[in-house]
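Please keep the sequence and coordinates at hand while reading.

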Amino acid sequence: MLKNTLLALTGSVAVGMSFAGSAEAVILTFNNRSAWEAAVGSFTVQDFNAFEGAQTEGAGVDVGDFTVRQVGTDFGGIFSEISTQVATIQNAVDNNLDGSAAVGGATDSGGTGIRFSFDTAISAWGADLGGFSDGGRQSAVIAGASYNIAPGQGFFGFLDTVGTTSTVDIAYVSGFPDGVGLDNVSYSSSASVPEPSSTLSLLALTTLGVASTLKRKLKSSKSTGKETTKVG
Ligand SMILES: [Ca+2]
Ligand SMILES: [Ca+2]
C-alpha cells in the first residue's frame with residue numbers, strides 16, 4: 001500500500017510532497033476547474049446527459065469507464081439517480097449545475113454516499129459540485145485521503161502523480177443528510193507527474209483558485225437561503 005504524505009497549506013488546498021522514494025503518491029487538490037485542467041492536460045469528461053433517469057442505487061450505473069453508485073441509504077428520487085430533475089426539484093435548486101442531467105445523491109452517517117468505481121486506475125479526477133456542505137451539513141471527497149468540501153464549493157479535483165486511484169467516494173462528515181449534485185466528472189489515466197519546479201507552478205495555480213473561491217463566497221454570502229428539506 002502506498003503512503004500519501006499530506007501537508008495542508010491553506011483553505012482547501014492540500015499538497016502532499018515526498019522526495020524519499022518515487023513510489024510514494026503525491027496528491028495535489030484543486031477547487032478551481034481551470035487550474036485542474038491546466039495541470040492535467042488531456043482528460044475525458046462524462047456529462048451524464050445520455051443517462052437521464054438511470055437509478056444509481058443497487059448495482060449502480062455503468063457509464064463506460066466507471067460505475068456511479070449510491071451506497072448506504074437510498075433516499076429515493078433525485079437523491080439516487082442521474083436526472084435533469086437535480087436541477088428543477090423544489091427545495092433542491094442548490095444542487096443544480098447547468099440544468100442538464102447530473103448525478104443526484106446524498107451523504108449521511110453509516111457510510112451513505114456516492115461511489116465512483118473506475119475500471120482501471122486513474123491519475124486525475126474532478127467534478128462540478130452543487131449543493132455540497134450547505135445548511136450545517138458537511139461532506140467530503142475521499143480519494144486516498146479525505147478532503148472536506150467547503151459550503152458552496154463548485155469544483156473539486158485532484159491529481160494523483162502515481163495513478164493508483166480507482167475509487168472516489170463522496171462521503172459524509174457531519175450534520176444532516178447532504179443532498180448533492182455532481183456533473184461533468186473529468187478524469188485521466190495519464191496525467192503527467194509534475195517535476196518539483198512545475199509543482200511550484202501548480203501551487204500558484206491552486207492558490208489563485210482559493211482566492212477566486214473566496215471572492216465568490218464574499219459575493220454570494222448575502223444570498224444564502226434557509227434550508228427547509230430533510231435532505232438539502
Ligand atoms: Ca450533465
Ligand atoms: Ca446539500
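How many bridges join β9 to strand β14, and in which direction do the two run? In this predicted model, five bridges join β9 to β14, the latter spanning residues 165-174, and the two strands run antiparallel. One of the residues involved is Ile122, whose bridge partner in β14 is Thr165.

## Overall content and confidence

The protein has 232 residues, of which 41% count as buried, and its secondary structure comprises three helices and 15 strands. Among contacts with a separation of 6 or more, 74% are made by residues 24 or more positions apart.

The mean pLDDT is 81, with 70% of the residues reaching 70 or more. Residues 1-21, by contrast, have a pLDDT below 50, although this stretch has 44 contacts in the model beyond near neighbours in sequence. The pLDDT also stays under 50 over residues 222-229, where the model has five contacts beyond four places in sequence.

## The six-stranded sheet

The pairing of β9 with β14 belongs to an open sheet of six strands, ordered β5-β6-β9-β14-β11-β12 and paired in antiparallel fashion. Strands β5 and β12 (145-148) stand at the edges with a single partner strand each, so one side of each is left without a neighbour in the sheet.

## Helix α1

Helix α1 covers residues 33-40, and within this helix Ala35, Trp36, Ala39 and Val40 are buried. Viewed down the axis of α1, the buried residues fall within an arc of 125°, so they line one face of the helix. Just after the helix comes Gly41, which takes a positive phi of about 85°.

## The nonpolar core

In soluble globular proteins, nonpolar side chains tend to be buried together. Here the largest nonpolar core has 47 residues, and those with the most contacts inside this core are Leu129, Val141 and Phe158.

Which residues does Phe158 contact, once its neighbours within four places in sequence are left aside? The contacts of Phe158 comprise Ile27, Leu28, Thr29 and Phe30, together with Ala124, Trp125 and Ala143.

Note on methods: Residues numbered from 1 in each chain as written. Chains lettered and ligands numbered in written order. Predicted model: local features only at pLDDT ≥ 70, side-chain atom pairs only at ≥ 80, totals over all residues. Core = buried A, V, L, I, M, F, W, Y, C linked by C-beta atoms within 7 Å. Buried ≥ 20, exposed ≤ 12 C-beta atoms within 10 Å, placed from the backbone. Contact = placed C-beta atoms within 7 Å. Pairing = 2+ DSSP bridges. Helix = DSSP H or I, 4+ residues; strand = E, 2+ residues; numbered from the N terminus. pLDDT = per-residue confidence, 0-100. Arc of directions from axis to C-beta.
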